[in-house]
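I opened this notebook to keep track of what I looked up in one protein model. The entries follow the order in which I went through it.

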Amino acid sequence: MDDHQPPANVKDLLVELKDASELMVDLAYAAVFFNEEKLAEEVERLDERMNGHLRRLRMMAMLAARSPEDAEGMAGVLWIAEAIQRVGDAAEDIARIVAARLGIPDALKPDLRHADEITARIRVRDDAPMVGRDLRELSLPTETGMWVMAIRSGTSWEFDPGPDDIVSGGDVLLASGPEEGVDLLRGLAGAPALPHAPGTDTPALSELDRAVDILVEMKDLAEAAVGLAYSSILFNDRALAAEVGALEARSDQLQDELESWVLRAAPEARDVDELRGLLRLGSASESIVDAARDMTWYVEQGEPLHPVVQMALEETEETSVEIVVQPGSPADGRTLSDLRLETETGMFVLGIQRGPRWIYRPRGVQTLHAGDRLISVGPEEGEEELVSLCGEQPVLVQD
């Protein structure tokens with residue numbers, strides 16, 4: 001992410017804080033999975049930038065408060081901003097796993113890397129189809145389901161690249177998305193498809209395997225909690241806010257289980273620092289859920305938020321869509337894998353409400369049924385395709 005002039009108003013500062021915190025989480029996990037110190041350093045740099053934005057936001061809020069009503073409205077803005085910052089702080093804790101040389105067991109990294117979304121690192125060949133084209137033209141989220149988080153040209157990284165960034169031969173792409181999207185992106189980059197993972201005769205570390213299962217669920221819960229928190233604010237939906245509270249309770253329970261399982265795994269581990277890395281990942285994921293819960297407090301209590309908060313959410317790069325699957329629509333009775341939802345539309349389903357029950361970050365085997373309420377996020381251009389699959393106009397769209 002290139003340096004530029006600081007945002008000039010509260011809305012722009014909130015947009016920067018939200019986008020930076022989400023990017024930090026993606027980069028932090030990628031730094032751990034690939035043991036990339038450069039990515040870990042960038043997370044720290046983004047955290048410093050966020051701290052500066054929050055200081056400016058506090059100053060602007062104080063200057064804008066000309067009455068008790070103004071002060072009350074700005075208090076809500078600062079509440080949301082500080083919760084967003086705590087998401088970024090948790091991401092920095094994840095990145096410190098690399099800086100502190102803690103790491104995680106190598107045998108367990110594939111399990112974590114393939115937890116719902118894959119983080120892929122791909123080198124672009126000189127004669128690749130994508131060479132010389134910008135990200136807007138490539139439309140990777142809808143064509144492949146993959147989001148480009150960073151581009152390395154030589155020794156220089158471009159973080160959070162924009163639609164006008166052009167891909168060149170020799171670039172390294174750091175992207176995130178569904179497993180089926182990786183080979184599509186590799187094809188555009190001129191790289192061969194990934195081989196099937198070979199089987200291994202190495203006996204599984206039973207206790208550590210269980211610890212990773214817990215970590216995968218905690219990571220899924222953290223990402224779902226943040227997405228649902230933003231959606232609850234955008235839709236002013238107290239039921240969504242209450243669901244974030246339920247996720248927080250589950251995350252607390254999982255953290256207790258993780259600590260117990262890691263302690264039981266200690267006799268199997270050859271490097272205690274790797275166990276510390278697992279605990280750090282779990283603690284940071286729990287902190288992200290706690291911060292998401294704090295974001296929803298005003299919605300859950302029925303307290304009004306300053307309009308600038310919704311204005312900021314409407315200007316972020318992702319669209320948030322709430323939609324109900326209609327009887328007889330293409331989505332009715334089919335699994336997410338059958339629909340290739342992420343690959344075909346670029347939209348990611350955060351949660352499915354079926355009657356009173358929620359299914360968070362559903363897997364590809366999940367079958368959709370008429371009446372299911374989906375909360376999805378993704379690129380604006382994916383909205384129309386999602387509407388076509390579900391057969392209903394979205395309730396509300398975040399541009």
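Which residues does Ala193 touch, not counting residues up to four places away in sequence? I found that Ala193 touches Asp183 and Arg186, where contact means heavy atoms within 4.5 Å. Before going further I noted that this is a predicted model, in which local features need pLDDT of at least 70 and side-chain atom pairs count only at pLDDT 80 or more, while totals for chains, interfaces and linings use all residues. I also noted that residues are numbered from 1 along each chain as its sequence is written, and that side-chain values use heavy atoms, with hydrogens and water left out.

**Entry on Ala193.** I placed Ala193 in the loop between α7 (179-188) and α8 (206-235); helices (H or I, at least four residues) and strands (E, at least two) are DSSP runs, numbered from the N terminus. Ala193 counts as exposed because its relative accessibility is 52%, given that buried means under 20% relative accessible area, exposed over 50%, and partly exposed in between (1.4 Å probe, protein chains only). Asp183 and Ala193 are 10 residues apart in sequence, and their C-alpha atoms are 5.2 Å apart in space.

**Entry on the whole chain.** I counted 15 helices and eight strands in the protein chain. Of its 399 residues, 53% count as buried. The accessible surface comes to about 17500 Å², and carbon and sulfur atoms hold 48% of that; the areas come from the Shrake-Rupley method with a 1.4 Å probe, and for residues only the protein chains shown count as cover. When I took the contacts between residues at least 6 apart in sequence, 80% of them joined residues at least 24 apart.

**Entry on Thr144.** I next looked up Thr144, which sits in helix α6 (residues 140-144) and counts as buried because its relative accessibility is 1%. Leaving aside residues up to four places away in sequence, Thr144 touches Pro178, Gly181, Leu184, Leu185, Leu188 and Thr343. Thr144 and Glu344 are 200 residues apart in sequence, yet their C-alpha atoms are 7.0 Å apart in space.

**Entry on salt bridges.** How many salt bridges does the structure hold? I noted 18 salt bridges, each being a side-chain nitrogen of Lys or Arg within 4 Å of a carboxyl oxygen of Asp or Glu. Side chains of opposite charge can pair when their charged atoms come close.

In one of them, Arg58 pairs with Glu82, the closest N and O atoms being 3.5 Å apart. Arg58 lies in helix α2 (residues 37-64) and Glu82 in helix α3 (residues 68-99), so this pair ties together parts that are 24 residues apart in sequence. Both residues count as partly exposed, Arg58 at 33% relative accessibility and Glu82 at 27%.

Arg354 and Asp372 also meet through their side chains in a salt bridge, at 2.7 Å from N to O. Since Arg354 lies in strand β6 (residues 348-354) and Asp372 in the loop between β7 (357-360) and β8, the pair ties together parts that are 18 residues apart in sequence. Arg354 is partly exposed, with a relative accessible area of 24%, whereas Asp372 counts as buried at 1%.

I recorded a further salt bridge between the side chains of Arg293 and Glu300, at 3.3 Å from N to O, and a network of salt bridges that links Glu92, Asp93 and Arg96.

**Entry on backbone angles.** Most residues other than glycine have a negative phi, and most peptide bonds are trans. I noted that Ser139 has a positive phi of about 50° although it is not a glycine; Ser139 is in the loop between α5 (135-138) and α6, and is buried, with a relative accessible area of 16%. Arg340 likewise has a positive phi of about 50°; Arg340 is in the loop between α13 (336-339) and α14 (341-345) and counts as partly exposed at 32% relative accessibility.

**Entry on surface charge.** I ended with Glu380, which is in the loop between β8 (373-378) and α15 (383-390) and counts as partly exposed at 46% relative accessibility. Glu380 gathers with Glu143, Glu381, Glu384 and Glu385 in a patch of negative charge on the surface. Patches are made of residues with over 30% relative accessible area and no salt bridge, like charges being joined within 9 Å and nonpolar side chains (Val, Leu, Ile, Met, Phe, Trp, Tyr) within 5 Å. Lys and Arg count as positive and Asp and Glu as negative, while His and the chain ends are not counted; the place of a charge is taken as NZ of Lys, CZ of Arg, CG of Asp or CD of Glu.
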